[in-house]
Amino acid sequence: MIALLIRDLRLALRAGGGFGLGLAFFLIVTTLVPFSVGPEPALLASIAPGVLWLGALLACLLSLDRLLALDFEDGTLDLLLTAPLPLEAAVSVKALAHWLTTGLPLVLAAPVLGVLLNLPVAGYGWLVVSLALGTPALSVIGTFGAALTVGIKRGGLLLSLLVLPLYVPTLIFGAEAARRGAAGTDVSTPLLMLAGITLATIACMPFASAAVLRMGLR
Amino acid sequence: MSDPRQGRPRALTIEAAGRGDYIRIMSIWKYANPVKFLALSSRVQPVLWALAAGCVAVGLIWGFFGTPDDFRQGSTVKIIYLHVPAALMAINAWFMMLITSLIWLVRRHHVSALAAKAAAPVGLVMTLIALVTGAIWGQPMWGTWWAWDPRLTSFLILFLFYLGYIALWEAIEDPDTAADLTSILCLVGSVFAVLSRYAVQFWNQGLHQGTSIPVATGGRTVADVFFYPLVISMIGFGLLFLALVLYRTGTEIRLRRTQALRARLEREL
Amino acid sequence: MTLSAQNLTLARGGIPVVADLSFTLEPGHALILRGPNGAGKTTLLRTIAGLQPALRGQITGAADQIAYAGHADGLKAMLSVRENLAFWAQVFGHSDISAALDAYALHPLADRLAGTLSAGQKRRLGLSRLLVTGCPIWVLDEPTVSLDTDAVAMFAAAVKHHLAQGGSALMATHIDLGVEAEVLDITPYRAKTTLRAGASDEAFL
């Protein structure tokens, strides 16, 4: 399992691995927002938590279609299926690798981009906390979507269509926590709900992903 | 020509007391065989279509012309006879897909999987009707075509779930794999749909009026004059949904049958 | 570990292709599958490897014993030869890859990225993966595709060595390896179109 994690991390970091693509996308989306809504500081401050959450979510989505599709194309998935490694563990590890290479950098970059959007000072801490709690759920749910579309040629668009509705609860609670943090009100309810969703998806989704992968590869 | 494992009528036999002969009780799974299903469906469908048309017509005509205007909402309230039944069937269609998906995953009955496939576009259209009639109703009432009210938002999310489900069916070539994957998507999607419902409620308490007929409390929030045509209309939409699903399932079965026969034929050559 | 299959009936795309096939593969032996294209060789190998279920029949002795090699080698272009092999060794709980590099003369290529290898070199790397798995039963689908004569000799030597150590191999291949092996022609086991064995399209016929 550790071997798989190390391999995925190494692949992501090498040229052509797509590491940094999500980050760049996050930066571009954040830069484009003031162009579309206007440079007014008060307006930007009020929408900053939501925009940063949405940007992070879309950046996560961007790298999902290579999460399993590449391994499917070169036959690695077939071989992993015949290896003495439970498929549930393998998909969990792949989700973890996705989070480490996509989710975690987004969490770390969010405060920097918060400056661009005039995020209120009180909001930085809660933005990072909510993203750190929420992005693992995005990776795990995304892995399920990637498993559903693994055998489909040009399944990237379909993957987005399937995964985005599943992201709704995570986005609602995550962005709500960040917004309340920025407004200086109590964040505990949305934050606890977000943590609940993340823990539940980490516990349950790998079984669904593995089941779907087995069916899809038959 | 029944398949020994999947389609066979599973007859439950019970020994009659002291006689030694058997009373055969046919199980519902008999209709899991596509051929038997088609036979039954073609017998039931004419009645179903007639009843559905009758109920919808009576419900709508009675509702539109036979009930007084609401003292607050005026005649706009009458869209309720379209809006509420459509919304009801939009949710029930997903429930039906959930149940038939489970039956497919557990018992591998093809009719069940195909019924889920057949129900999805019907559910999608019902959701669309509910959304559009809701917008038309909302404009004079709330002064806006669209509000991010929890119920409206939930229906919009349901609409997206239907789209994804249908798109996944279309994208996978092997029909059994498609049935497997869409079934799992339906299960997972159901959990997330319920979760979204509560998340949305938390996110924004809404403008929407309360349930018209709260089943849990047994009471109702609409007056009798509106209630009877509404119930008839709801029954009509239910029957219409059933008829449409039976019809579409029949089409799907015939399509699979054509594919199966052609594949065997090609192998023979 | 003896691999045995009894009365296997297999389907591809919902249609039965192979019916009532039985064989046993003792340790130290090799079995070569023959048959025209579309006869079901790949389907049989994938079923033995546990990638798809059989319609009917039993497979014994396969659990956690099988190293499978299909048409694709499962190599990552952006990892070096050594990294690719080391990864698969670790997945199967081993760490030594030098024997595998030796067997296919991969030492000179060990630090090249797998993406820069030729097709034949990639195939050699894919086959060397079998050696790091430590699994006693090899299930190979057309292992010699794109190999030159020298590489085929390396592969034959590797198979002989594997058999001598008590391993066994089940292969679909058209060329003569010079390895002592039984041949199983699966053409006679072709499923009749009238067969009803629980394939998924039968309910519709």
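How many residue pairs are in polar contact between chain B and chain A? The count is one residue pair, with both residues at pLDDT 80 or more. A polar contact is a pair of N or O atoms within 3.5 Å; within protein, one must be able to donate a hydrogen and the other to accept it, and residues adjacent in sequence count only if both atoms are side-chain atoms.

This is a predicted model, where local features need pLDDT of at least 70, side-chain atom pairs count only at pLDDT 80 or more, and totals for chains, interfaces and linings use all residues. Residues are numbered from 1 along each chain as its sequence is written, chains are lettered from A and ligands numbered from 1 in the order in which they are written, and side-chain values use heavy atoms, with hydrogens and water left out.

**Stop one: chains A and B**

Select both chains. The contact (heavy atoms within 4.5 Å) takes 27 residues from chain A and 26 residues from chain B. Buried area is the accessible area (1.4 Å probe) that two parts lose on being put together, summed over both. Here that area is about 2,100 Å², and carbon and sulfur atoms give 86% of it. Now pick B:Leu181, B:Phe192 and B:Phe202. In chain B these lose the most area to chain A, together 28% of what that side buries.

Next, select A:Arg218 and B:Asp180. They form a salt bridge, with the closest N and O atoms 2.7 Å apart. The term means a side-chain nitrogen of Lys or Arg within 4 Å of a carboxyl oxygen of Asp or Glu. Then show helix 5 (175–203) of chain B. Helix 5 gives the most to the side of chain B that touches chain A, with 14 residues. Helices (H or I, at least four residues) and strands (E, at least two) are DSSP runs, numbered from the N terminus.

**Stop two: inside chain B**

Go to B:Thr100, in helix 2 (residues 80–107) of chain B. B:Thr100 is buried, with a relative accessible area of 11%. Buried means under 20%, exposed over 50%, partly exposed in between (1.4 Å probe, protein chains only). Leaving aside neighbours within four places in sequence, B:Thr100 is in contact with B:Ser112, B:Ala115 and B:Ala116.

**Stop three: chains B and C**

Select chains B and C. About 1,900 Å² is buried between them, 54% of it from carbon and sulfur atoms. In chain C, C:Thr193, C:Phe204 and C:Leu205 lose the most area to chain B, together 42% of what that side buries. Finish at C:Glu202 and B:Arg264, whose side chains meet in a salt bridge (3.7 Å, N to O).
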